[in-house]
Amino acid sequence: MTLTGHSLIAGEAVAGTEGRAFGINPSTNEQLEPAYGLVSTEQLRAATAAAADAFKPFSSLEPVRHARFLETIADNIEAIGDELIERASAETGLGAERLRGERARTTGQLRLFADVVRRGDFRGVRIDPALPDRTPLPRADIRLRQIPLGPVAVFGASNFPLAFSVAGGDTASAFAAGCPVIVKAHNAHPGTSELVGQAISRAVRDLELHPGVFSLVYGAGTSIGQELVADPAIKAVGFTGSRAGGTALMRTAAARPEPIPVYAEMSSINPVYVLPGAVRGDADALARQYVASVTGSSGQLCTSPGLLFVPAGEDGDRLADAVARALTGQAGQTMLTEGIASAWQQGFRSVESAAEVELLARGQAGTTANAPAPAIFSSNLDVFTGNRVLHEEIFGAASLIVRYKNVEDLAEATDLLEGQLTASVQATEEDYASAAALIPVLERKVGRIIINGWPTGVEVGHAMVHGGPYPATSAPSTTSVGTLAIHRFLRPVSYQNFPQELLPAPLQDANPWQVNRLVDGEAEIQPR
Ligand code: NAP
């Protein structure tokens, strides 16, 4: 497939007129061809106007065609073959194996959302039939369904160039809800974005949908990204990235004449609690698992464990020694961009210079560019609770072990943490009482609690929450991974006293789309 360096605006390849930018290979810091033209305000407006036009036909698409669209995107992504993996690897420094797994996750979640569309449960249909004889007042016939919000702006993430980018979870869930999507390409992987963008554009053409259903634009976040979110045609935003970027978009969205929701996934240090019974177990195995979770994908995962609470005393010392041994042999891997590697160095220095924090262990620097040696620090609970710098995310392979004296103190320390995506508890049966006391505190702080596991590796399914209170996300009532993510882009509408002829299909008595419904409070399940 030929990379053009163009944006894709409503099915057309458009050469941006506001300067250009190149992908960079972070392993070598070399520039990658072609140059990507950055769009002007007028070019952006063409994309948002087309998305607004596409909304009506796309939002009322019948389920079979709608689901087929998502499946066709998945098929088209697979059809790109190794070229996609090679370009993504060159632009991000991520290995081919990791990227193949990510591609499978991307196509898997598109197909999962196709199933969601076919089943139709997301439409949330409820029917309260009329009660004309009710006294003292009759009840009108009232029917509810969820409808899509309108065009959605998506900001791809640097650390998941496939699964959280152009055709990632935000786009898949917005499309499944019936919302056109405009993606602001992440400048760290422009070629990967174009390849996937072409796959989506082809699916739009194959299914003969309105071309405004999808656009992909190149430009700086601070200019074109901001303009996109301020555009009146846009009705919601999906974002994964830094707290600074996410909160800047939240401010813009809130200041619009019509404020809109921003679903931003930002920063999290994902505490792991090793309880006293667990620390007496196999220290080497625990240490290996922890180090693998810290260093996997160069630590550039939103669920990377930045914090490990370990009991003070001999058993905890044994675990700390095992961690030091496990980390020493680890080589640094190329980080996504030079900027992200230098932000990691800055974070490393600020923790290294913090009072009463020890550098417990370091791995080796990698042989490529931007591959700092992973690091694990150590301190104690009093120091941790007294120094907010130690609560900040260092995006990359770094973590802090915090030694505690009493398990009772963990709840208090947890209360001081910011909102998190995850918390993990390592516990044996003898720890269950302590774990039970900790869990209600964790529920208030995080979106997912894990027992005897590690936070990295997020399953895409129906029961997954990849969310949590601020600053893990901007919207704690939802998730950016899993099928529940579709609800971010929907809102309920009630239809009162409607004749059958005027009712939308899923609300009609005949139920032509065969969706499950709640009728007078009772579930009405369709045979499958
Ligand atoms: P980023 O700087 O927040 O960029 C993400 C996207 O938002 C990019 O498209 C960027 O545009 C845009 N953007 C940034 N600032 C903006 C602003 N003020 N207004 C509008 N748009 C804006 O994130 P990143 O480049 O992926 O990584 C930088 C840092 O983000 C990392 O060091 C890490 O701390 C954090 N991060 C966290 C996660 C997580 O899952 N928690 C994931 C990735 C990154 P440009 O293309 O112009 O930059």
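Reader: Are Phe-58 and Phe-69 buried or exposed?
Author: This is a predicted model, its residues are numbered from 1 along each chain as the sequence is written, and side-chain values use heavy atoms, with hydrogens and water left out. Local features need pLDDT of at least 70, side-chain atom pairs count only at pLDDT 80 or more, and totals for chains, interfaces and linings use all residues. Buried denotes under 20% relative accessible area, exposed over 50%, and partly exposed in between (1.4 Å probe, protein chains only). By that criterion, both Phe-58 and Phe-69 are buried.

Reader: How many aromatic pairs does the count give?
Author: Rings of Phe, Tyr and Trp (its six-membered ring) pair if their centres lie within 6.5 Å; planes under 30 degrees apart are stacked, over 60 edge-to-face and the rest tilted. The count by this rule is 14 aromatic pairs.

Reader: What kind of pair do the rings of Phe-58 and Phe-69 form?
Author: A pair of aromatic rings is described by the distance of the centres and the angle of the planes. For Phe-58 and Phe-69 the centres are 5.8 Å apart and the planes stand at 85 degrees, so the pair is edge-to-face.

Reader: Phe-58 also pairs with Phe-175; how many residues apart in sequence are the parts that this pair ties together?
Author: The ring centres of Phe-58 and Phe-175 are 5.9 Å apart with planes at 80 degrees, so this pair is edge-to-face. Helices (H or I, at least four residues) and strands (E, at least two) are DSSP runs, numbered from the N terminus. Phe-58 lies in helix α1 and Phe-175 in helix α5 (residues 169–177), so the pair joins parts whose separation in residues is 117.

Reader: Which residues do ring pairs link into a cluster with Phe-58?
Author: Phe-175, like Phe-58, is buried. Ring pairs link Phe-58 into a cluster with Phe-69, Phe-175 and Phe-214.

Reader: Within what arc do the buried residues of α7 fall?
Author: Helix α7 (residues 221–230) has Ile-224, Gly-225, Leu-228 and Val-229 as its buried residues. The arc is that of the directions from the helix axis to the C-beta atoms. Seen down the axis of α7, these residues line one face of the helix, because they fall within an arc of 135 degrees.

Reader: Which are the edge strands of the open sheet of 7 strands?
Author: Two strands pair if DSSP finds at least two bridges between them. The order is β14-β15-β16-β13-β12-β17-β18, with mixed pairing. Strands that pair on one side only are β14 (358–362) and β18 (446–451).

Reader: At about what angle does helix α10 run to β16?
Author: Contact means heavy atoms within 4.5 Å. Axes are lines fitted to C-alpha atoms, for helices over the stretch in contact, and angles run from 0 to 180 degrees between N-to-C directions. Helix α10 (residues 283–295) lies across β12, β13, β15, β16 and β17, and its angle to β16 is about 140 degrees.

Reader: What is the omega of the peptide bond from Glu-33 to Pro-34?
Author: Most residues other than glycine have a negative phi, and most peptide bonds are trans. Pro-34 lies in strand β4 (residues 30–37). The bond from Glu-33 to Pro-34 is cis, with omega near -5 degrees.

Reader: What relative accessible area does Ser-298 have?
Author: Ser-298, in the loop between α10 and β13, has a positive phi of about 60 degrees although it is not a glycine. Ser-298 is buried, its relative accessible area being 6%.
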